Number of protein chains: 2
Amino acid sequence: MRIGELSRETGVSVASIKYYLREGLLPAGELTSPNQARYGDAHVRRLRLIRALVDVGGLSIAGARDVLAAVDDEGVSLYDALGRAQAAVMTRTEPVDDDATERAGEALAEMVERRGWITSERNPGWRTAVDVLAALERLGGERVAGLLDVYAEAMEAVAPHEVTAVVDSGDRERSVERMVTGIVLGAALITALRGMAEQSVSARRYGSGPAPGTGSG
Amino acid sequence: MRIGELSRETGVSVASIKYYLREGLLPAGELTSPNQARYGDAHVRRLRLIRALVDVGGLSIAGARDVLAAVDDEGVSLYDALGRAQAAVMTRTEPVDDDATERAGEALAEMVERRGWITSERNPGWRTAVDVLAALERLGGERVAGLLDVYAEAMEAVAPHEVTAVVDSGDRERSVERMVTGIVLGAALITALRGMAEQSVSARRYGSGPAPGTGSG
């Protein structure tokens, strides 16, 4: 199909399709003349995946590119693709070398030891967790930092179900696609439900008002 | 202090400080001559907050601006500021009007009813959750969508602790600052710990390998 048909089929504008082509997220179509290309079902599927990762999952273009490269590269194992998807949903932090960072690193290592987690400083989450805990200390958010074990326990309850849900015995490309989708969209779902649960608890505790407003934003 | 001293004090480059001033995230200093301004402790605190929200929390500049406006505007209640912070950490999705969206909306409403949550479609998380569930269905990620109650239960366990941690009896501005920090950085912490917990579970289940790599990305 031509680019116009690809646009109608997926609901993605021609301008956006061209942008994804330029950014290397969508593979080029088959050239049928110097300035016309033909696209197929693989492009339709890929476009849906891009929109899910970027629009619904909130990935940056660079993050989506890295994740999609893992889908396409047969040399990338399922396990490494998992690491890439996890890294893409996490904030990239600039480590600060101060006492708060040192204390945060110790607190995290103790939590991992205490809970018997099999993970290490090489996990993309480790550095982010340390930097978040350190930032909380610097800003007087110790009470939130004190929730480390509450958060860890919640993710411990969730992780076995997630690993079961994303592991797939189909062909490699589809398996990686599904895993990446699950990791990225699952993160967005958790954050959405967190906001709803927080509203519910505060409504129950302090009286039910209207939903928290987002003002004009 | 001059802008150079503000930079040294906070570790934020002069170029970044000027960018935050232009974008309206940092209030202007007091002009001491047509092209020189003086900054104070409030600027130091605000810069630390900006860096935490943007670098560690991963907010966009627009998201940070909206949240900081809530901190500064005395007309915004603590409850509305909570909604703004929640909205800032969520992905903004473009609703698609199809059967998948309708089914997702029903599944979410049933979950809320079943668990007795006091929340509504006006909560910023509601629309995001519906769009995530619909996107998962469209991409063949039904098994992850099936984790809705697993995720909801985890957030139900976390939310009471979070509401306790972020509610503060200090002055309004500090209270809103703390709440916003807790909501935004808490989301980053949850995602980081999720990645670590997933690695731990998959290492335990499939054998312990090295940490999932992020390749060259």
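**Domains and chain interface**

In this predicted model, the centres of domain 1 of chain A and domain 2 of chain A, taken over C-alpha atoms, are separated by 33 Å. Domain 1 covers residues 3-56 of chain A, and domain 2 covers residues 87-204. Where the two domains meet, 6 residues of domain 1 of chain A are in contact with 8 residues of domain 2 of chain A, and together the domains bury about 600 Å², with 59% of that area on carbon and sulfur atoms. On the domain 1 side, A:Arg45, A:Leu49 and A:Leu53 supply 71% of the buried area, more than any other three residues. A:Arg45 also takes part in a salt bridge with A:Glu177, at 3.2 Å from N to O, and the count between the two domains is 2 salt bridges. By class, the side of domain 1 that touches domain 2 has 4 nonpolar, no polar and 2 charged residues.

Turning to the two chains, 99 residues of chain A are in contact with 99 residues of chain B, and the chains bury about 8700 Å² between them, 69% of it on carbon and sulfur atoms. A:Tyr79, A:Ile118 and A:Met196 supply 8% of the area that chain A buries against chain B, more than any other three residues.

The rule for polar contacts finds 28 residue pairs across this interface, both residues at pLDDT 80 or more, and the count of salt bridges between the chains is 2. In one salt bridge, A:Glu162 pairs with B:Arg194, with the closest N and O atoms 2.8 Å apart. Among the helices of chain A that each supply at least two residues to the side touching chain B are α3 (41-56) and α9 (148-166), while α10(A) gives the most, with 26 residues. By class, that side of chain A has 53 nonpolar, 29 polar and 17 charged residues.

How values were computed: Residues are numbered from 1 along each chain as its sequence is written. Chains are lettered from A and ligands numbered from 1 in the order in which they are written. This is a predicted model: local features need pLDDT of at least 70, side-chain atom pairs count only at pLDDT 80 or more; totals for chains, interfaces and linings use all residues. Side-chain values use heavy atoms; hydrogens and water are left out. Contact means heavy atoms within 4.5 Å. Buried area is the accessible area (1.4 Å probe) that two parts lose on being put together, summed over both. A salt bridge is a side-chain nitrogen of Lys or Arg within 4 Å of a carboxyl oxygen of Asp or Glu. A polar contact is a pair of N or O atoms within 3.5 Å; within protein, one must be able to donate a hydrogen and the other to accept it, and residues adjacent in sequence count only if both atoms are side-chain atoms. Helices (H or I, at least four residues) and strands (E, at least two) are DSSP runs, numbered from the N terminus. Ala, Val, Leu, Ile, Met, Phe, Trp, Tyr, Cys and Pro count as nonpolar, Asp, Glu, Lys and Arg as charged, and the others, Gly among them, as polar. Domain bounds come from an automatic or database domain assignment.
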